[in-house]
Amino acid sequence: MTLMEDAKKGIITPLIKNVAEKEGIDSETVRSCVAEGLITIPKNVNSSSNPCGIGKYMSTKVNANIGTSRDYVDIDTEVEKAKSAERYGVDTLMDLSTGGELDKVRKKIMDSINMSFGTVPIYQAASPHKSVVDMSSDDMFNAVLKHAKDGVDFVTIHAGANLNALDRLRNSNRITDVVSRGGAFTIAWMVHNEQENPFYSEFDYLLEIAHEYDMTLSLGDGMRPGCINDASDGPKFMEFITLGELIKKARNQNVQMFVEGPGHVPVDEIELSVQGMKKLCDGAPLYLLGPLVTDIAPGYDHITGAIGGTLAGMYGADFLCMTTPSEHLALPSVEDIKEGAMVTRIAAHSADLVKDGQKERAHSVDTEMAYARKNLDWNTQYNLAIDSEKARSIRESRVTESDACSMCGDLCAMEIVKKALEKDKSN
């Protein structure tokens with residue numbers, strides 16, 4: 001049985017119990033939410049990963065994307081990126097490799113980490129062909145099956161990028177058309193072959209594969225907006241509607257899933273995007289890339305994504321895919337992965353401060369940090385910091401004779417008022 005089937009039968013499995021303990025939520029709540037498809041715990045039956053819970057009442061999770069390109073194939077570097085992402089606290093990892101021996105790349109990355117692992121199988125389906133439009137529907141499903149057998153915990157499938165969405169795209173005023181690579185493969189295939197997206201038309205077969213291996217489906221956002229101008233248009237919402245229909249099918253077949261969302265969205269439309277997707281997709285866990293809140297910050301899109309991610313988390317997003325300083329520019333470096341991980345974890349924690357099920361735990365950490373600052377307890381501050389290495393390095397490189405930071409020294413505001421109040425009390 002799949003985890004969802006167990007949950008529907010009232011069984012609290014060790015996996016559910018473990019997630020409940022990590023999140024500070026009672027096991028029955030987690031079980032009931034898994035049964036309803038409101039919490040997803042991605043773990044393939046062939047996987048040895050240590051998965052997290054994603055969805056209602058859970059802390060906001062962070063994913064890191066790595067992978068080779070056809071222009072740059074260095075497996076050791078990608079393994080180093082994977083280890084760095086895990087070291088700096090991300091919750092899941094996706095391999096988006098398109099270059100080199102993809103089976104070898106995937107296995108080496110999977111073997112290097114101990115967290116839920118995802119892929120985009122259509123990249124492998126297209127890899128043997130000169131053009132992506134030459135792959136067959138069998139190529140697509142065989143790639144999904146191979147990844148399932150290999151123990152991949154979740155796969156991104158752009159099943160909502162169908163002919164209806166294509167019609168909306170043709171009649172839209174989009175500037176950037178399709179920026180999702182998997183979505184672009186799918187759209188190009190449909191246009192060239194004049195056929196429906198196989199992952200949509202044969203979705204029941206996809207569910208059979210996922211059910212057999214208890215592999216989670218990440219229903220991809222092939223129509224996500226690639227610029228602020230395109231943020232809330234017809235193609236995007238058409239895909240939302242389709243994904244909502246597919247989620248119901250998946251739940252009926254006891255297959256876990258979450259749904260992916262945009263993209264580039266201005267701050268005043270993030271609430272609409274998040275709550276619209278949540279409504280149309282019946283509360284399914286929501287996985288967002290960013291969203292990026294402006295188009296004009298190349299080199300800083302880890303920050304534009306973190307700004308959007310914080311707002312999205314506040315409005316109900318469950319899972320943030322980090323962006324790095326290399327977004328839109330180049331394949332990320334190991335250092336880029338660290339930077340992206342840190343700023344996205346900051347966004348996730350900021351969202352948890354206002355999120356049902358997590359706000360009390362999140363606030364307790366901030367409160368502990370406040371007391372540590374008041375008491376100039378630097379070791380506790382380092383331990384609580386999201387990036388303790390950086391915090392320690394900055395302070396210790398600029399120490400003064402004072403216990404306070406070098407910005408204020410003996411003019412530390414808290415120390416001045418603390419001494420004044422103590423003197424007042426003694427009088």
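Author: Two strands pair if DSSP finds at least two bridges between them. Helices (H or I, at least four residues) and strands (E, at least two) are DSSP runs, numbered from the N terminus. This is a predicted model, where local features need pLDDT of at least 70, side-chain atom pairs count only at pLDDT 80 or more, and totals for chains, interfaces and linings use all residues. Residues are numbered from 1 along each chain as its sequence is written, and side-chain values use heavy atoms, with hydrogens and water left out.

Reader: How do you know that strand 4 and strand 5 pair?

Author: Four bridges join strand 4 (residues 92-95) to strand 5 (residues 116-119), and a pair needs at least two, so they count as paired. The two run parallel, and M94 stands opposite G118 in strand 5. Both belong to a closed barrel of eight strands, in the order 3-4-5-6-7-8-9-10.

Reader: Why is the largest pocket said to lie between domain 1 and domain 2?

Author: Domain bounds come from an automatic or database domain assignment. Domain 1 (3-355) and domain 2 (376-426) both give residues to the lining, so the pocket lies between them.
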